[in-house]
Amino acid sequence: MSYQRVKFYQTGTFTVGNRLLDEADRTVQARMDRTNSLNSGHRACQGCGEALGARYALDAVMRATRNQLVAVNATGCLEVFSSPYPESAWQIPWLHSLFGNAPAVASGVAAALRAKGKTDIRVVAQGGDGATVDIGFGCLSGMFERNDDVLYICYDNEAYMNTGVQRSGSTPARAWTNTTQAVGTEPGNILGVGKNLPRIAMAHGIPYVATASVADLHDLEAKVTKSMSIRGARYIHIHVPCPLGWKSDPAQTIKVARLAVESGLFPLIEAEWGVVTDRTCIRQQIPVEQYLALQGRFKHLFNPRDEPSLASIQAMADGNIHLYNLVPTKPAMES
Amino acid sequence: MEHKPFAITLDPASSLANHTGNWRTMRPIYVDHLPPCNQACSAGENIQGWLYEAEEGKYERAWRKIMEDNPFPAIHGRVCYHPCETACNRGQLDEAVSIHAVERFLGDYAIEQGWQIEAGEATGKRVLIIGAGPSGLSAAYHLSRMGHAVTIYEAGPKPGGMMRFGIPQYRLPRNIVDAEISRITAMGVSIHVDRKVDNLEIAIIEGKFDAVFLAIGAHLSKRIDIPGRDTGRIIDALGFLKKMEEKEVPKIGRRVVVYGGGDTAIDAARTAKRLGAEETLLIYRRDREHMPAHDFEVEEALEEGVLTRWLNMIRQIDENRITVEEMILDDKGYPQPTGRIKTLEADTIILAMGQKVDTRFLKDVPGLDISQDGVIQVDDTMMTGRLGVFAGGDMVPAERTVTVATGHGKKAARHIDAYLNGFHYGKPPSKSVAKFDRLNTWYYTDADKSQQPYLDLARRRASFEEVVGGLDAATALLEARRCLSCGNCFECDTCYGICPDNAIIKLGSGKRYEINLDYCKGCGMCAEECPAGAIDMIKEMR
């Protein structure tokens with residue numbers, strides 16, 4: 001990881017804040033003066049990971065840019081639940097155009113600001129996995145390829161949740177959605193499909209790519225803050241559980257996200273100019289089953305047990321752990 | 001309306017108009033559950049509470065919090081058997097918090113700084129306390145804080161009871177005892193030493209006392225029937241330990257046998273070793289597992305070279321030798337004779353067979369219920385059968401430790417205060433215990449327990465210097481910060497940070513948080529993630 005974790009005996013290393021820590025070592029979210037970019041009263045479901053991820057990321061951007069920010073939003077849950085006419089939950093300059101064109105609109109906003117000489121004002125584009133990996137992918141690839149000065153944040157909840165849980169290019173293997181029912185010999189989403197957008201973004205050779213999770217706030221804020229110190233096209237992919245679409249307990253949103261990281265299924269990495277530069281090590285490795293068992297969308301893997309599928313999913317996690325060296329054998333790594 | 005853009009009919013509005021709180025079926029509430037350490041403490045200390053202050057380096061506040069319940073932190077930090085640490089949830093994570101070491105640090109620091117507690121506003125009531133041991137002194141301290149005038153009659157030459165005449169100096173240096181007692185006398189408690197009470201009823205009338213607290217302890221050594229035992233070389237362990245406080249140390253010879261398996265037996269054996277006995281042999285009729293003594297004390301005695309014969313019973317004592325019989329434990333753990341006899345040489349035999357209470361001075365007091373070994377029955381207000389006469393410490397049925405006695409003192413003081421004011425002291429309703437499964441231990445960082453320094457073995461064998469050293473300030477601070485704050489908010493901001501609806505209001509340092517019920521959707525993430533288990537979800541009433 002790109003920063004040194006504070007090692008604190010009681011808590012503080014992993015909690016949001018700690019009354020005994022210096023202000024600088026606490027997160028933005030621990031501050032009484034945080035922006036609350038996404039305000040109360042939004043209509044996201046109970047325990048929404050995306051609402052949480054968006055506030056985490058944008059509050060960190062607001063702090064990093066001293067509140068000089070324009071956000072462009074793709075269509076999706078985040079847009080719908082935050083802006084039912086005439087209400088808005090956004091406490092930052094925010095605009096929405098279409099499902100597929102958020103990267104292009106953001107490129108335009110950045111170009112306009114440059115033309116007006118207001119380069120201190122920064123641009124963030126954001127969308128869900130549907131808008132990012134599927135519908136807006138052409139615009140996003142263009143934004144990367146031109147190296148436009150935009151941070152694009154994808155809140156990945158692994159399906160089209162707003163329209164009723166349909167499969168996207170980011171839906172994991174074997175997950176139930178309304179378009180990948182848990183029936184037949186290969187229940188749920190089929191194995192071996194989908195895109196890994198962080199790696200596609202890296203392939204564009206852009207200055208900064210990172211993955212983050214709502215389960216690790218310190219890591220997420222450090223990555224967002226670092227991305228704002230860089231000019232050019234940047235991409236951050238944030239894992240945000242969806243209690244509705246994942247059929248998980250709304251109270252367990254953070255726990256589910258944490259187990260995704262600890263199992264190795266969602267690796268936390270950083271890459272610069274197309275090369276992986278760092279990763280956040282797994283703290284307490286767990287088998288993927290523990291992660292899957294908390295989610296109703298994988299229920300069919302357990303009743304009766306679908307050993308081949310569980311083994312395949314475990315193999316994906318093991319592949320990530322191997323690829324990014326998430327469980328270092330040498331004790332020298334930070335915990 | 002006329003100036004709005006095309007197709008726009010409403011003014012821009014905030015989502016704050018949308019009170020999402022009405023979605024809620026469950027509601028989070030902040031709670032303070034009872035940490036297991038507090039539940040386990042015989043002196044009734046709010047351990048989590050004072051560790052919370054110590055974590056911030058607020059040592060005086062931490063010390064004053066201890067002093068609300070226990071006037072002897074420096075003593076307890078040394079001699080308490082710390083049931084709190086056995087109960088500590090951190091023990092299930094890595095190692096229990098070294099509570100006694102932090103308490104000792106605070107106690108010593110307070111002595112160094114000369115911090116004092118003030119007596120309460122005078123009530124004009126007079127209380128007589130008999131016995132200046134931990135229980136009597138603790139009651140005197142609490143009664144004095146409540147404003148009552150306290151007089152202590154102590155039969156011995158100095159106050160402290162077992163803290164001075166029972167526990168050896170290498171475990172509890174006497175300057176510590178003196179310092180913590182002098183704080184109590186400075187509050188106005190008058191201690192009359194060498195004042196043995198022969199008749200309680202007369203003492204009450206003469207001193208015009210409104211209430212009495214009996215705390216004479218258990219000082220009579222129990223005797224056992226061993227043939228030939230009426231020789232001068234046989235002494236009782238308590239008398240032996242008591243003599244250590246006099247100018248002339250007892251002469252014990254080269255070979256010393258200690259008979260018994262309790263903490264007093266261990267204390268006597270280790271003391272004999274320090275007096276220069278070449279061979280100190282501990283004889284106990286059962287095995288080590290069945291010894292009532294605390295295991296770490298047995299361990300320290302063995303380290304210092306005390307020899308042991310488990311499963312042996314002394315059958316006869318002759319001039320320079322004793323006859324022992326080997327025993328075997330039956331199914332119920334009782335020793336049974338084997339018939340195998342052995343003779344051992346011994347210059348001195350120290351008997352540590354337990355103690356009973358000397359209640360002769362109470363023979364004229366009506367209504368007392370005294371059992372055969374002198375133990376006095378009390379009701380749940382610590383009052384004896386005689387109105388206005390309370391009792392506590394080793395002379396009432398309970399575990400006989402300094403900590404239990406100190407707790408009795410506090411409890412009795414509350415009830416005596418209530419009795420003097422003509423009401424009944426009602427215990428506040430007890431809170432539910434914050435068990436380990438309430439905690440979200442993900443958030444706690446691994447941290448090993450701080451180790452206290454030990455005196456080297458050579459010096460332990462030859463001197464009465466204190467064996468276990470204290471923590472320095474930096475280490476004590478880190479140790480305090482290992483506290484998990486079970487069941488009590490310690491302001492880690494996690495609930496505030498993770499609420500997807502910003503429905504938690506941070507009130508600022510020391511003020512904790514509030515739930516904004518206008519927007520809380522009742523998802524329960526805060527309760528699920530709270531490291532300390534200080535948030536409960538309850539059913540929403542509509």
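What share of the contacts in chain B with a separation of 6 or more comes from residues 24 or more positions apart? Such residues account for 72% of them, where two residues are in contact if their C-beta atoms, placed from the backbone, lie within 7 Å.

Before going on, a word about what you're looking at. This is a predicted model, in which local features need pLDDT of at least 70 and side-chain atom pairs count only at pLDDT 80 or more, while totals for chains, interfaces and linings use all residues. Residues are numbered from 1 along each chain as its sequence is written, and chains are lettered from A, with ligands numbered from 1, in the order in which they are written.

Let's stay with chain B for a while. Its C-alpha atoms fill a box of roughly 120 × 55 × 45 Å along the principal axes. It has 18 helices and 20 strands; both are DSSP runs numbered from the N terminus, with helices being H or I over at least four residues and strands being E over at least two. Of its 542 residues, 48% are buried. Here, buried means that 20 or more other C-beta atoms lie within 10 Å of a residue's own, exposed means 12 or fewer, and partly exposed is in between, with the C-beta atoms placed from the backbone.

Chain B is divided into four pieces: domain 1 (15–32 + 489–539), domain 2 (36–40 + 47–115 + 434–480), domain 3 (126–219 + 357–420) and domain 4 (221–355). Those bounds come from an automatic or database domain assignment. Taken over C-alpha atoms, the centres of domain 1 and domain 3 of chain B are 49 Å apart.

Now find the open sheet in chain B whose five strands come in the order β8-β15-β9-β10-β11, with parallel pairing. Strands count as paired if DSSP finds at least two bridges between them. β8 (234–236) and β11 (307–309) of chain B each have a single partner strand, so they stand at the edges with one side left without a neighbour in the sheet. From one strand to the next, the twist averages 25 degrees, based on axes that are lines fitted to C-alpha atoms, with angles running from 0 to 180 degrees between N-to-C directions.

Zoom in on β9 (residues 255–259) and β10 (residues 279–283) of chain B, which run parallel and are joined by five bridges. Across this pair, B:Val258 stands opposite B:Leu282. Strand β10 of chain B also holds B:Ile283, which counts as buried because it has 24 C-beta neighbours inside 10 Å. Leaving out residues up to four places away in sequence, B:Ile283 touches B:Val257, B:Tyr259, B:Arg309, B:Asn312, B:Ile314 and B:Val324. For a sense of distance, the C-alpha atoms of B:Ile283 and B:Ala527 are separated by 55 Å.

What about the nonpolar cores? A core is a set of buried Ala, Val, Leu, Ile, Met, Phe, Trp, Tyr and Cys residues joined through C-beta atoms within 7 Å. The largest one has 151 residues, and A:Ala57, A:Val61, A:Ala106 and A:Ile238 have the most contacts inside it. Helix α1 (residues 49–64) of chain A gives the most to this core, with ten residues. Apart from it lies another core, of 92 residues, among them B:Met162, B:Ile167, B:Val258 and B:Ala269.

Over in chain A, strand β6 (residues 208–213) is mostly covered, with six of its six residues buried. A:Tyr208, A:Ala210 and A:Ala212 point one way from it, and A:Val209, A:Thr211 and A:Ser213 the other way. Six bridges join β6(A) to strand β7 (residues 234–239) of chain A, and the two run parallel. Within β7(A), A:Tyr235 is the bridge partner of A:Val209. To get from β6(A) to β7(A), the chain goes through helix α7 (residues 217–227) of chain A in a right-handed β-α-β crossover, meaning that with the strands pointing away from the viewer, the path from the first strand over the helix to the second runs clockwise. β6(A) also pairs with strand β8 (residues 269–272) of chain A, in the antiparallel sense over two bridges, where A:Ala210 stands opposite A:Glu270.
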